Amino acid sequence: MSDERLLAALSRVIDPEIRRPITELDMIAEARIDGSGTARVGLRLTIVGCPAARTIERDVRDAAASVPGVAAVDVDVSVMTPDQRAALTERLKGPGTRSMPFGPGTLTQVYAVTSGKGGVGKSTLTANLAVALAARGLRVGLVDADVHGFSIPGILGLVDETGAAVRPTRLDDMILPPVAHGVKTISIGMFLDPSDHASGKAVAWRGPMLHRTIQQFLTDVWFGDLDVLLLDLPPGTGDIAISVGQLLPNADVLVVTTPQAAAAEVAERSGLVAAQTGQTVFGVIENMAGLPQPDGSMLEIFGSGGGELVADRLTRTTGTEVPLLASVPISVALRTGGDAGVPVVVADPADPAALAIAAVADRLAARGRGLAGRSLPFSRA
């Protein structure tokens with residue numbers, strides 16, 4: 001018979017990938033305290049070679065040892081049978097065919113982050129925004145939809161010692177996204193052969209394969225019940241932007257630009273394509289807005305006014321108010337954080353760029369969840 005005190009302690013152990021208590025996932029086969037004061041725990045991992053095995057076993061030992069009267073802890077580690085694993089995946093996904101969980105009707109706030117051209121820092125801003133939202137207690141998912149130029153794994157530190165993206169865990173036909181800084185993340189880089197990374201081999205796919213990949217990211221990857229889902233789109237108005245518009249017409253769009261007029265004109269087009277597919281342009285973020293100087297002035301390396309220009313033009317062309325959400329200054333800490341896999345909102349939250357991104361996160365977090373104009377507060381993780 002299981003010891004209720006021991007089970008209560010083990011219920012505080014959270015699976016790092018699934019983000020639920022292990023006691024709810026049928027991962028505890030035995031939990032008892034014998035006459036000598038030894039806590040005996042039977043731990044069932046989901047798969048052989050579970051990447052979180054050491055973390056889970058350590059947390060189980062710590063939780064068991066915290067029970068009053070426990071003098072020693074004995075953990076017997078095994079692996080779920082195929083039937084047990086199938087029961088778990090069905091419980092998580094629900095019975096039947098997996099449908100689009102984030103399309104119209106979802107309570108999850110979905111944001112597609114786009115830009116007209118590359119090199120404006122869109123992926124860095126997306127990753128930092130996701131981490132900032134997670135730091136506010138929200139359940140956040142991030143899809144790296146930039147198939148040809150994926151960089152999210154590196155920015156979030158989801159890479160191994162060779163620089164290759166870590167691989168997600170598979171439970172039968174269900175994919176569990178790796179978690180970094182509280183953000184569940186998926187990227188095509190996580191599915192490439194390590195030798196492709198070492199050789200610098202590029203992903204050379206065309207429209208139909210790109211559409212299918214994004215569709216699988218949204219249906220086959222188990223994110224669970226999210227408060228916010230962000231998609232880092234490739235620059236421009238190509239196949240993926242159109243596919244996301246078709247798959248997620250309910251998504252709000254964040255347009256990233258730099259201050260220069262040439263970038264602003266191209267960024268406006270990416271916002272217009274989103275509007276044409278039925279999506280709402282929620283706002284504009286201006287990146288590289290200037291380099292702060294020791295005397296307090298701002299060196300406008302890339303000019304000024306591009307963000308306001310895009311916001312004003314999109315407001316006129318869409319017929320709805322499109323605000324400039326933030327002007328993010330040029331920041332060495334923003335760049336080094338991305339290189340190190342520790343976003344600036346974590347590594348240096350007082351940095352001016354981090355503060356600007358945090359202000360956007362506050363604005364998004366204040367929206368809550370909602371359907372058809374009905375607003376609900378976000379659940380806190």
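**View 1. An open sheet of 8 strands.** The strand order is E8-E9-E5-E10-E4-E11-E12-E15, with mixed pairing. Strand E8 (179-180) and strand E15 (324-328) stand at the edges with a single partner strand each, so one side of each is left without a neighbour in the sheet. Strand E11 (residues 252-257) pairs with strand E12 (residues 280-287) in the parallel sense, over 6 bridges. Asp252 has Thr280 in E12 as its bridge partner. Strands (E, at least two residues) and helices (H or I, at least four) are DSSP runs, numbered from the N terminus. Two strands pair if DSSP finds at least two bridges between them.

This is a predicted model, in which local features need pLDDT of at least 70 and side-chain atom pairs count only at pLDDT 80 or more, while totals for chains, interfaces and linings use all residues. Residues are numbered from 1 along each chain as its sequence is written, and side-chain values use heavy atoms, with hydrogens and water left out.

**View 2. The largest nonpolar core.** This core has 78 residues, and Leu133 and Leu230 touch the most other members. Apart from it lies another core, of 32 residues, including Ala9, Cys50, Ala63 and Val70. A nonpolar core is a set of buried Ala, Val, Leu, Ile, Met, Phe, Trp, Tyr and Cys residues joined through side-chain atoms within 4.5 Å. Buried means under 20% relative accessible area, exposed means over 50%, and partly exposed lies in between (1.4 Å probe, protein chains only). In soluble globular proteins, nonpolar side chains tend to be buried together.

**View 3. The surroundings of Leu133.** Neighbours within four places in sequence are left aside here. Leu133 is then in contact with Leu138, Val140, Val228, Leu230, Ala361, Leu364 and Ala365. Contact means heavy atoms within 4.5 Å.

**View 4. The salt bridge of Asp362 and Arg136.** The two side chains meet at 2.6 Å, N to O. Asp362 is in helix H13 (residues 352-365), and Arg136 is in the loop between helix H4 (122-135) and strand E5 (140-144). The pair links distant parts of the chain, 226 residues apart. Asp362 is partly exposed, at 43% relative accessible area. Arg136 is also partly exposed, at 25%. A salt bridge is a side-chain nitrogen of Lys or Arg within 4 Å of a carboxyl oxygen of Asp or Glu. The whole structure holds 13 salt bridges.

**View 5. The salt bridge of Arg139 and Asp225.** The closest N and O atoms are 3.2 Å apart. Arg139 lies in the loop between H4 and E5, and Asp225 in the loop between helix H7 (207-219) and strand E10 (228-232), so the pair ties together parts that are 86 residues apart in sequence. Arg139 is partly exposed at 28%, and Asp225 at 44%.

View 6. Asp339 and Arg335 form a salt bridge, with the closest N and O atoms 3.0 Å apart. Both lie in helix H11 (residues 332-340), 4 residues apart, about one turn of the helix. Asp339 is exposed, with a relative accessible area of 57%.

View 7. Most residues other than glycine have a negative phi. Arg19 has a phi near 65° and is found in the loop between helix H1 (4-10) and strand E1 (28-33). Met288 has a phi near 55° and lies in the loop between E12 and strand E13 (291-292).
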